[in-house]
Amino acid sequence: MSWLYLAVAILFEIVGTSAMKMSDGMTRLGPAAVVVLCYGVAFVLLAKALRTIEVGIAYAIWSAAGTAAIAAIGVFVFGESLTVMKVVGIALIVAGVISLHVASGAA
């Protein structure tokens, strides 16, 4: 169940971060409310996941998945640039998470 909590927490974090981009510096009420709600839910679910998942592993997965997803959303939804260095950076983040996971014996 903890892995499900983590996955849903990541989804809420991604939605919250996307809404943050749309909030115009938290000046637009609707998107700003979505940010607060989504981050609140995300942190509660992350806390539940941490009951049984190591904090280093959970946070590494949280940050890597969120970073990769937000980078993709930035490119495909918000029209941000995609460079080779961005792709390499994301690949390195994912490789780092995999190495932490393997090193912890959780793989």
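The paragraphs below describe the fold of the chain and then some of its residues.

The structure is a predicted model, in which local features need pLDDT of at least 70 and side-chain atom pairs count only at pLDDT 80 or more, while totals for chains, interfaces and linings use all residues. Residues are numbered from 1 along each chain as its sequence is written, and side-chain values use heavy atoms, with hydrogens and water left out.

The chain holds four helices and zero strands, where helices (H or I, at least four residues) and strands (E, at least two) are DSSP runs numbered from the N terminus. Read from the N terminus, the order of elements is α-α-α-α. Along the principal axes, the C-alpha atoms fill a box of roughly 45 × 35 × 15 Å. Of the 107 residues in the chain, 29% are buried; buried means under 20% relative accessible area, exposed over 50%, and partly exposed in between (1.4 Å probe, protein chains only).

The chain carries 5 positive and 4 negative side chains, with the centres of the two sets 6 Å apart. Here Lys and Arg count as positive and Asp and Glu as negative, without His and the chain ends, and the place of a charge is NZ of Lys, CZ of Arg, CG of Asp or CD of Glu.

Helix α3 (residues 55-76) has 22 residues and reaches 31 Å from its first C-alpha to its last, close to the 32 Å expected. Just after α4, Gly105 adopts a positive phi of about 80 degrees. Returning to α3, its buried residues include Ile57, Ala58, Trp62, Gly66 and Val75, and their cover includes α1, α2 and α4.

A search of the whole structure finds two aromatic pairs, where rings of Phe, Tyr and Trp (its six-membered ring) pair if their centres lie within 6.5 Å, and planes under 30 degrees apart count as stacked, over 60 as edge-to-face and the rest as tilted. The rings of Tyr39 and Phe43 have centres 6.1 Å apart and planes at 35 degrees, so this pair is tilted. Tyr39 and Phe43 lie about one helical turn apart, because they are four residues apart in helix α2. Tyr39 is buried at 19% relative accessibility, whereas Phe43 is partly exposed at 46%. Together with Trp62, Tyr39 and Phe43 form one aromatic cluster.

Two further residues round out the picture. Ser18, in helix α1, is buried with a relative accessible area of 12%. Leaving aside residues up to four places away in sequence, Ser18 touches Ile70, Ile73 and Phe78. Met26 sits in the loop between α1 (2-22) and α2 (29-49) and is partly exposed at 40%. With the sequence neighbours up to four places away again excluded, Met26 touches Ala32, Val35 and Val36. The C-alpha atoms of Met26 and Val36 are 10.0 Å apart, for a sequence separation of ten residues.

Notes. Contact = heavy atoms within 4.5 Å. Expected span 1.5 Å × (residues − 1).
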